[in-house]
Amino acid sequence: MLYRLRAAGTLLGVTDNTLRGYADHAGIAVRRASDLTPGAPAVRVFEPDTLFRLAQWRRAQNYVKAPAAGSGPVVVTVDVIKGGTGKTTTSVETALHLQLLGLRVLLVDLDVQANATQLMGYEPDLTLDEAEAYGVAPAAIVQDTFASVLMPFLEGRQRNQPVRTLPAGVIKKPFGEHGPHLIPADTFLGDIEPALANAKGQRELYLRQLIAASLAGATPGLDLSVYDVIVFDCPPSVSFTSTAAIAAADLVIAPIRLDAFSVKGLTKLMSEIDGLDAAYHVRPELIILPTHYAPQLARIGRMQTQLNQYRDLIAPCAISASEEFPKSLDSYLPLTLQKPTCHPSKEYRLFAEHLHGRILALAAARRRTAS
Ligand SMILES: Nc1ncnc2c1ncn2[C@@H]1O[C@H](COP(=O)(O)OP(=O)(O)OP(=O)(O)O)[C@@H](O)[C@H]1O
Ligand SMILES: [Mg+2]
C-alpha cells in the first residue's frame with residue numbers, strides 16, 4: 001500500500017503541512033511516486049512502514065503523549081460472550097490506530113478461527129508444504145502461535161522449572177519492526193484450552209502470571225516489556241482462555257452489535273468479571289463499544305434502551321455498519337490501511353483516541369502504585 005499526503009495525514013491525524021514538516025525533519029526516507037512509476041508525478045508517497053516510523057519518531061520528539069518508560073504494558077482484552085459482534089475487527093483496527101498514535105502494540109490472536117491473523121495478512125490454514133504447492137510465501141504462514149508461548153510457561157510452572165526458550169519466530173511483524181506486532185493463531189491454538197483446563201492451581205491467573213514472568217525476564221525469547229499495550233482478541237464462547245485473558249486485563253472492550261440483541265453476552269461478561277473480582281480481586285475496567293450502527297434500524301432504539309443501564313460504560317463513539325469490513329477481511333488487509341479516509345476507519349480512530357487516554361491514565365496509575 002502507498003498513501004498520498006491526505007491519506008497518510010489522516011492515518012497520523014495531522015494536516016498535509018504538518019506531515020510535510022515531519023517528512024522533512026524526521027530523517028526518514030520518503031519516496032516519490034515518480035521513483036516507483038516512471039512518468040508519475042513527483043508527489044510524496046508513504047508506505048505503512050514509513051508511517052509507523054514517523055509515528056515512533058513523533059513519540060521520540062514528545063509530540064504525542066506516551067506512557068512513561070518502564071510502565072509495562074497495559075493489557076486490553078476484547079471480549080463479549082457472543083459471536084460476530086466485531087471483536088476481531090475492533091482488536092485489529094484499534095491496534096493499528098494505537099500504533100499510529102505512537103504506542104507500541106502487541107496484538108495476540110486467541111481464537112482458533114484466526115480472523116485477526118488473516119486480517120494482518122497471514123494464511124492461518126496452510127502448512128508449509130501447502131504454501132509451497134500454492135505459491136504462498138513461507139513468511140505468510142503461521143508456524144508458532146500463543147500455544148508456543150503458553151505451553152512452555154505452563155510446563156515450567158507445573159514442574160517448578162524455568163521456562164524453556166521460546167521460538168524466535170513467535171512474534172510476527174506484518175508491517176515491519178515499527179508497526180504493531182502479532183502473535184498469530186492457527187488451529188493448533190486449540191491445544192491451549194485443554195492444557196489450561198487440566199492445569200493445576202489458579203488457571204484463570206496463568207495468563208496474568210505469564211505477563212508478569214515476562215516483565216521479570218523469566219520467559220526467554222519473549223520480552224513483553226517493550227510494549228505499551230497488549231491486545232487480546234478472544235474467541236466468542238466462554239473458555240478458560242478468554243477467562244484468563246479477562247483476568248489478565250486492565251481494560252476489557254466489549255463490542256456490542258446495535259443491529260442484534262447482544263446485550264445478554266454483555267451481562268454474562270459482567271458476571272464473569274464479578275466472579276474474578278470475588279475470587280482473585282482483579283477487576284478490569286470495562287468499555288462498551290457499539291458497532292454495526294445504522295440510524296435507520298428500528299431495533300437500535302430498543303437496543304439503546306437496554307444499553308441505557310450501562311451508559312457510564314459506553315464509549316463516547318460508535319462504529320457504523322459498513323460492508324467495507326467483510327471486504328477487508330477477504331483481502332487480508334485492515335480497513336484502516338485499505339481506506340484510511342473512509343468513515344468507519346475514522347470512527348475507529350476516534351475510538352482509539354479515547355482508548356489512548358484510558359491507557360495513559362492506567363499506566364500512570366500503575367506507576368503511582370508501584371512508587
Ligand atoms: N461495523 C461493522 N459493520 C459491518 N460489518 C462488520 C462490522 N464490524 C465487523 N463486521 C463484519 O462482521 C463479521 C464479524 O466481525 P468480527 O469478525 O470482527 O466479529 P467477532 O466478534 O470477532 O466474531 P467471532 O465471534 O466470530 O470471533 C465480519 O465479517 C466483519 O467483517
Ligand atoms: Mg473474532
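Reply: Contact here means heavy atoms within 4.5 Å. This is a predicted model, where local features need pLDDT of at least 70 and side-chain atom pairs pLDDT 80 or more, while totals for chains, interfaces and linings use all residues. Residues are numbered from 1 along each chain as written, chains are lettered from A and ligands numbered from 1 in written order, and side-chain values use heavy atoms, without hydrogens and water.

Me: Which residues is L51 in contact with, leaving aside neighbours within four places in sequence?

Reply: Y3, A8, L11, L12, F46 and L100.

Me: How many residues has the largest nonpolar core?

Reply: A nonpolar core is a set of buried Ala, Val, Leu, Ile, Met, Phe, Trp, Tyr and Cys residues joined through side-chain atoms within 4.5 Å. Buried is under 20% relative accessible area, exposed over 50%, partly exposed in between (1.4 Å probe, protein chains only). Here the largest has 59 residues. L19, F46, L51, L54 and L98 have the most contacts inside it. Helix α16 (residues 343-370) gives the most, 7 residues. Helices are DSSP runs of H or I, at least four residues, and strands E, at least two, numbered from the N terminus. A second, separate core has 58 residues, including A199, Y206, A244 and V282.

Me: What are the domains of the protein chain?

Reply: Domain bounds come from an automatic or database assignment. It gives domain 1 (1-64) and domain 2 (69-370). Their C-alpha centres lie 28 Å apart.

Me: Which residues of α10 meet α11?

Reply: L207, R208 and I211 in α10 meet T241, A244, A245, A247 and A248 in α11.
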